[in-house]
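User: I have a model open and want to learn how to read it. Where do I start?

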Amino acid sequence: MTGLYDEPMPQPVAEPYWNTNVARHPGILRAVPEGCGDALDVGCGDGLLARKLAGRAKHVTGIDKSAEMIARARELAAGHLQLAFVEGDFLTAELPGAQYDFVCSVTTVHHMDFEAALLRMRELLRPGGTLVVVGLAREATVTEWAALIAAAPIVRITKVLRRAGGPQGMPVADPQMSYGQVRAVARRLLPGVRYRRHVLRRYSLTWEKPAR
C-alpha cells in the first residue's frame, strides 16, 4: 500500500528570487528537527519556504490569508503530495492541535495579534517540537536606531548585489511593536526562547516546546 509519506522527497528548490526574508531560510532549515514528520509554515506566501521544508519533513502544510498567494503556492507545488496549502486566517483556521514537529513563520506575525499568534503556534507544536519565528519590528530606542543606521549601508549593498525582489501581490504592513516589546512578550510566553537581532532588519525567535 502506498501512503502519503511514501512520496519521494523533492530535489532541492532553486532560488527564484532573493530578499531579506529568503536570507533567513538557511537558518530556519537548520532548525528543523531530525526525523521531522509534520511541519507548518505560517504565512507561507507563494510556498517557497514550504517547498524547501519538504526536503526535511515528511509532510508540510502552508497557510496564508491571501487567496492569490495560496493559488500560486499550489501551482508551484503541483505533483508534490507531501505539500498542502490552506487559505485562511491562521488565528481561526482549523488546524490539528499539538500535531506539528516544526512550526515556522517569516515576517508574518506583525500582520496579526502578536501574542495570540505565539500562543497558537505554541499550542500547535508537539511536545519536544521546534518553533522558529522571523519577524520585523520597529526601532524605539537610541541603541536600536544606531544599529539600524550602522547596518543601512550593508543592507543597501546586499540588496543591490543580490538583486532583491519577490513575488507580486505579497501583503505589506508596518510593524507596530518595537524589538524590545517583541523580546519581552516572547520571553514571557515562550520560556527559554532564543532571541536574535539580525543585520538585514529582522529578528528571530527559536524555541523548543518542553517534552512531557
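Analyst: Start with the contacts of one residue. This is a predicted model. Beyond its neighbours within four places in sequence, glutamine 99 is in contact with Asp38, Leu124, Leu125 and Arg126.

User: Where is the place of glutamine 99?

Analyst: Look for the elements on either side. Glutamine 99 sits in the loop between strand 3 and strand 4 (100-106).

User: How far apart are the C-alpha atoms of glutamine 99 and arginine 126?

Analyst: Compare the chain with space. These residues are 27 residues apart along the chain, yet the C-alpha atoms of glutamine 99 and arginine 126 are separated by 5.4 Å.

User: With which side chain does the side chain of glutamine 99 make a polar contact?

Analyst: That of aspartate 38, at 3.2 Å.

User: Why does glutamine 99 count as partly exposed?

Analyst: Check the relative accessibility. Buried means under 20%, exposed over 50%. Glutamine 99 has 26%, so it counts as partly exposed.

User: What is the order of the strands in the open sheet?

Analyst: The 7 strands run 3-2-1-4-5-7-6, with mixed pairing. Strand 3 (83-87) and strand 6 (194-198) are the edge strands, each pairing on one side only. From one strand to the next, the twist averages 15 degrees.

User: In which sense do strand 5 and strand 7 pair?

Analyst: Antiparallel. Strand 5 (residues 125-135) and strand 7 (residues 202-208) share 6 bridges. Leucine 131 has tryptophan 207, in strand 7, as its bridge partner.

User: Which helix packs on the sheet, touching strand 2 and strand 3?

Analyst: Helix 3 (residues 67-76). Its direction makes about 165 degrees with that of strand 3.

Definitions and conventions: Residues numbered from 1 in each chain as written. Predicted model: local features only at pLDDT ≥ 70, side-chain atom pairs only at ≥ 80, totals over all residues. Heavy atoms only, no water. Pairing = 2+ DSSP bridges. Helix = DSSP H or I, 4+ residues; strand = E, 2+ residues; numbered from the N terminus. Axes fitted to C-alpha atoms, helices over the stretch in contact; angles between N-to-C directions. Contact = heavy atoms within 4.5 Å. Buried < 20%, exposed > 50% of the residue type's maximum accessible area, 1.4 Å probe, protein only. Polar contact = N/O pair within 3.5 Å; in protein donor to acceptor, adjacent residues only side chain to side chain.
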